[in-house]
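Morning, everyone. Please bring up the model on your screens, and we'll go through it together.

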Number of protein chains: 2
Amino acid sequence: MTTRRDFLAAAAAATIAPHFNGPLCAGQKRGAAESEAGKLGYALVGLGRLSTNQIAPALMKTEHSKLVGVVSGSAEKAGKWKDQYAIPDDNIYNYRNFDRIIDNQEIDVVYVVLPNSMHEEFAIRAARAGKHVLCEKPMSISSAECRRMIEACDHAGVKLAVGYRCQYEPHHLECIRMAREETFGKLQHIDAGFGFRIADYPVGDLRRWRLEREMAGGGALMDVGIYAIQACRYLTGEEPTSLMASEIKTDSKKFAEVDETILWSMAFPSGVSANCTTTYNFNGINQFRAYSEKGQFGLKPAFGYGGIQGTAGNEAVRGENVDQFATEMDQFSQVIKQDGTTKVSGIEGLRDLLVTEAIYESIRTGKRVDVAKV
Amino acid sequence: MTTRRDFLAAAAAATIAPHFNGPLCAGQKRGAAESEAGKLGYALVGLGRLSTNQIAPALMKTEHSKLVGVVSGSAEKAGKWKDQYAIPDDNIYNYRNFDRIIDNQEIDVVYVVLPNSMHEEFAIRAARAGKHVLCEKPMSISSAECRRMIEACDHAGVKLAVGYRCQYEPHHLECIRMAREETFGKLQHIDAGFGFRIADYPVGDLRRWRLEREMAGGGALMDVGIYAIQACRYLTGEEPTSLMASEIKTDSKKFAEVDETILWSMAFPSGVSANCTTTYNFNGINQFRAYSEKGQFGLKPAFGYGGIQGTAGNEAVRGENVDQFATEMDQFSQVIKQDGTTKVSGIEGLRDLLVTEAIYESIRTGKRVDVAKV
C-alpha cells in the first residue's frame, strides 16, 4: 500500500496544476461538503459489467473516493447494488428522477458508465445538478457532443474528466517520461493497436449495444481504437495533423452497423509517424511501440486492466500494476479537492473525438483527411 | 552442413514444380554445359557492397553455384575481383562488351546486382545472351519494366528469378508453414515493417544512388518496404485487393528525390488486413507479426542477413540461420538443373511492383487505390 500511495502522491504532484487566480469555483466549495474521512462521494450511472466488475471493486480500495450512490434504468439492478454496497435509498436514482441528485449533498461526482450515446445527456444533467463529472471513454459519439458537455460543465462550474485510466498507469507514465526526456533520443515512429474479438451477442441481449450504431456511435475504433489514438497523442505530446484510414469488413452481418477492423496512419507536427490498428474481429493486438533515434520502448500487453508490461531497450519498463480505476478516481478526487486541472479533461476527450471523426471521414471518402483543431 | 543440406533438399522438394510437358527448354539443355562438380557458373553484374560483402562470400559456400565471372563499369573494381577470386580474363566484362557473354560457356547465370533502374537493361541483355537471370529486388522500378523482363526471358527460353532471399530462409518458411497449415487458426491480421536510417551520403559519392530517383526509382519502399509487401503476400498466399498509403517526410532536402517514411494498409481477399511501415529515417523496425484466431507468430528481427528469430505462441520459431544468399542461389541453380519453376519468378517480382505502384499512387492522390492485376 505504501508504494501505491507514494505513486499516487508523486503522480498527483506531477499532474495537478493549481489555479492561482480567480475566485473559488463550485468544485472547491464542495470540498467543504466532503464525506467522512475526506473521501468524495461517487454515484455510478450505468450498472453494467464495467461498473460491476471494475469500478465498484475499485471504489472499495480508493483513498479519496467512495461509492455512495447509483443511477440505473433497472430497479432490479439498483436493488442488488443497494444490498451489496449498503447504498441508502436516498442515493439510488433512475434515469427519470436523476436530476433530483442536485439536492444530494453526499454525492460529489457522477461517474458516467453508460453506453456511448448516452454520455452527453447524463454528463450534462449531472453538471446542471452541480456534480463533477467523470465520463467513461469515448467521451461521447461526436465532437459536437463533447463541446456541449465541456460548455455545460464550464457553465456549471464543475470539473469534467474522461476515464483515460492509462494516463495514470505507472508503465504508461514511465513510457511518457522516456518519450518526453528523450531517453532513447528523439521519438520517430509509433506503432499502436488495440482490439479483441467481440462476442456474437444474441439478438435481444441488452449487452449487444456495442454492435448498435445508435447506442455505440461506432465500433472498434470508438471502443478500443481510442487507446491507440491516446497512446500516440500522449507519447508525442502533440496532435496529429492529418491521417489516412481504411476499414476491413469480413462479417457484414455482425458488423452491419459498426466498424470491424480499422487501420490508420497519422502524421504529427514533429515528423513522428504513427501506424495504428483496431479491431472487433481478432484477439491479441494490445500494444504500442515507440521507435526512437537510439532505441525502442513500448508495452505489450499495454491496455488491459492489469498485467501491463513492456521493454525499454533491453530492459523491462519499470512500474507496478495498480488498480487503474482506483487510481483514476482518486486522481480526479484530488484534482477536485485541490481545485486543480486534470490532464484527462473534456478537451482531451474532444481531441480524441476529432481524430475519430477524421478517421471515419477518411474511410468514408477514401481520402487523406486533416484533423480538425479544438 | 548436413542439416543445411537436408533443409535445401527438403525446400527444393517443396518448391520446385517440375514441367512435365513440352520440349526441353534452353535452361535444361544448358544443364549439360555445367561447370565441374555440377555447379552452375554465376557472373555478377555490379560489384557494390552487396556483391562484395554478401554474394561473393556466399558463392564460396554454395553447392550448386560458383562464381565464374564479373561485369563491372569499373576496370579497377574488376581487377580487384580478378585477383581475389581468380577470375579468368575471358570472364570479365564491362557494360559495353557485356553482350559478348553469349559466347561464354562457363557462365550459366547472370546475377544482376546493379542500382534498381539498371535491372531491366541488364536482365534483358543477359536473357538475349541466353543466360538465366537472377535479379536483385526490387525487380525493377516499374511494372512495365518487369513485364518486358519477363517477356525477354520467356522469349529467350531462360529462367528469371528475383533475389527474394527470405522466401528460402528457414524461419520465414516455418512462418509460411504455420500460416498455410493454420497452426494458430485462420490468419486475420499482419503487421509488417522494415526500415533503417540511411546515411547522409556526401554529394558525389557514387553510393548515394539510393537517394536519387533516376537510379533508385524510389526510396525506402523500393528498397526495404518491399520486404513487408513480400511478407504479407507470402503469409496470406494472396494478392492485396486495395490499399491506402501515406508518406511522412521530415527531411525534404535529404529525401528530395525519394520517399522517406511510408505507412500503408492493405486488404486481402480472405479478409486479412495488413498494416505496414517502411522508412529511410529511423532504425529498429524490422519485423512482421501474424495475428491468427488462436494466437500470434512472427519474426523480429525478420529481414536481415542473419540473426533471424521470432516467436510462435509462447515458443521460439524453429529454424536455423543460414547464408541466405547461398541458399537463394543454390535454389535457383537446382531449379535450372531440374527445369523446375521458381517460386521467386518474374511474376512474383511484378506483383510486388504492382503493389508498389499502387502505394505511390495512393500517396500521390491521397486516395484508396485498387491494386492492378498481373
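Copies here are superposed by least squares on the C-alpha atoms of residues with pLDDT of at least 70 in both. Done that way, chain A can be laid on chain B with an RMSD of 0.0 Å, by a turn of 180° and a shift of 0.0 Å along the axis. The two copies are thus related as by a two-fold rotation axis. In chain A, Lys367(A) comes closest to that axis, at 2.2 Å (C-alpha).

Some ground rules. This is a predicted model: local features need pLDDT of at least 70, side-chain atom pairs count only at pLDDT 80 or more, and totals for chains, interfaces and linings use all residues. Residues are numbered from 1 along each chain as its sequence is written, while chains are lettered from A and ligands numbered from 1 in the order in which they are written.

Now, how many residues does the contact take from each chain? It takes 25 from chain A and 25 from chain B; contact means C-beta atoms, placed from the backbone, within 7 Å. Strands 7, 8, 9 and 10 of chain A each supply at least two residues of its side. Strands are DSSP runs of E, at least two residues, numbered from the N terminus. 100% of chain A's interface residues are also interface residues in chain B, so the copies meet through the same surface.

Next, the sheet in chain B. Nine strands form an open, mixed sheet, in the order 14-13-12-11-7-10-9-8-15. Pairing takes at least two DSSP bridges between two strands. Strands 14 and 15 of chain B stand at the edges with a single partner strand each, so one side of each is left without a neighbour in the sheet.

How values were computed: Helix = DSSP H or I, 4+ residues; strand = E, 2+ residues; numbered from the N terminus. Contact = placed C-beta atoms within 7 Å.
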